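Dear colleague,

I am handing over the structure below, and after it I set out what was found, with the cut-offs stated where each term is used. Please read the description alongside the coordinates.

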Amino acid sequence: MRKNRGLFIVLEGIDGSGTTTQAKKLHNYLSDQGFESVLTNEPTDEPVGKLIRDALSRRITSPKTSRRIDFSERALCLLFAADRIEHSGVIEEARSDGIHVVCDRYILSSIAYQSLDPGITPRRVIEINKGCSIPDITFLLRVPVNECLSRLKNRKDAPTIYEKKEFLEGIDRNYAKTLQLYRKSFGPLVAIDGTAPENKVHNEIIKHLRTRLPR
Ligand code: TYD
């Protein structure tokens with residue numbers, strides 16, 4: 001018997017909005033319900049993803065001069081797209097085996113974050129990412145910037161270059177501005193109130209997902 005294709009589910013939001021927590025909870029829920037599911041993230045843990053993480057936490061230096069290298073948003077945008085193209089192969093393989101894929105951040109992050117550079121338009125980001133997997137559904141966790149900043153203070157990870165009030169405000173605006181275009185190109189997107197308690201946010205996600213899951 002042919003298996004149903006696995007769903008590709010994406011979690012999005014500004015830093016501190018809870019995408020990582022909710023992606024984990026969703027993956028656990030799917031497994032508990034007897035579905036095969038993989039939890040993944042972008043940037044990925046593969047070589048290009050690792051390079052991006054080092055760039056985002058300013059850990060890259062020139063071997064020649066030992067000076068720190070700050071990547072431009074244009075370069076980051078291309079690196080994120082390269083990471084995503086490779087990642088898409090893995091995502092498609094899982095989907096065709098009937099495995100659900102839960103992904104912490106995807107192309108909407110590139111649209112919202114990299115278009116902090118006014119020279120990078122959402123349409124350009126979409127063009128660069130042509131050929132990448134298309135999600136079945138995307139959840140956008142909405143949390144006010146100040147709340148995210150206070151959540152981020154309690155994190156032990158090295159902060160990324162984006163974890164500043166003015167940047168997060170710009171990224172938040174970019175998310176809001178792009179929803180229509182995103183839905184046209186990448187299918188359904190559901191905005192969720194991410195300020196609610198963890199379990200309530202999770203239940204809200206499940207509520208929207210339930211009808212899409214095979215019985
Ligand atoms: P990470 O530490 O994984 O943040 P979080 O746990 O909040 O997801 O770092 C990922 C960072 O990369 C985050 O600041 C968003 C950024 N990002 C982009 O700028 N563009 C992208 O395309 C993606 C996938 C992430």
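A salt bridge here is a side-chain nitrogen of Lys or Arg within 4 Å of a carboxyl oxygen of Asp or Glu. With that criterion, a search of the whole structure finds 14 salt bridges. One of them links E127 and R124, whose closest N and O atoms are 3.0 Å apart; because these two residues are 3 apart in helix α5 (residues 122-128), about one helical turn separates them. Helices (H or I, at least four residues) and strands (E, at least two) are DSSP runs, numbered from the N terminus.

Please note that this is a predicted model, in which local features need pLDDT of at least 70 and side-chain atom pairs count only at pLDDT 80 or more, while totals for chains, interfaces and linings use all residues. Residues are numbered from 1 along each chain as its sequence is written, and side-chain values use heavy atoms, with hydrogens and water left out.

Turning to the ligand, 18 residues surround it, and the closest are D15, R84, R105, S110 and Q114 (a residue counts as near if one of its heavy atoms lies within 4 Å). By the classes used here (Ala, Val, Leu, Ile, Met, Phe, Trp, Tyr, Cys and Pro nonpolar; Asp, Glu, Lys and Arg charged; the others, Gly among them, polar), this shell divides into 6 nonpolar, 6 polar and 6 charged residues. At least two shell residues come from each of α1 (19-32), α2 (47-56), α3 (73-96) and α4 (107-114), and α4 supplies the largest share, with 4 residues.

Polar contacts are pairs of N or O atoms within 3.5 Å. A polar side-chain atom of D15 lies 2.8 Å from an oxygen atom of the ligand, and an N or O atom in the side chain of R84 is 2.9 Å from a ligand oxygen atom, whereas for Q114 a polar side-chain atom lies 2.8 Å from a nitrogen atom of the ligand. Taken alone the ligand exposes 550 Å², of which the protein buries 92% (areas by the Shrake-Rupley method with a 1.4 Å probe).

Two backbone features may deserve a check on your side. Most residues other than glycine have a negative phi, and most peptide bonds are trans. The peptide bond from E42 to P43 is cis, with omega near -5°, and P43 lies in the loop between β2 (37-41) and α2. R58, in the loop between α2 and α3, has a positive phi, near 55°.

Best regards

Methods. A polar contact is a pair of N or O atoms within 3.5 Å; within protein, one must be able to donate a hydrogen and the other to accept it, and residues adjacent in sequence count only if both atoms are side-chain atoms.
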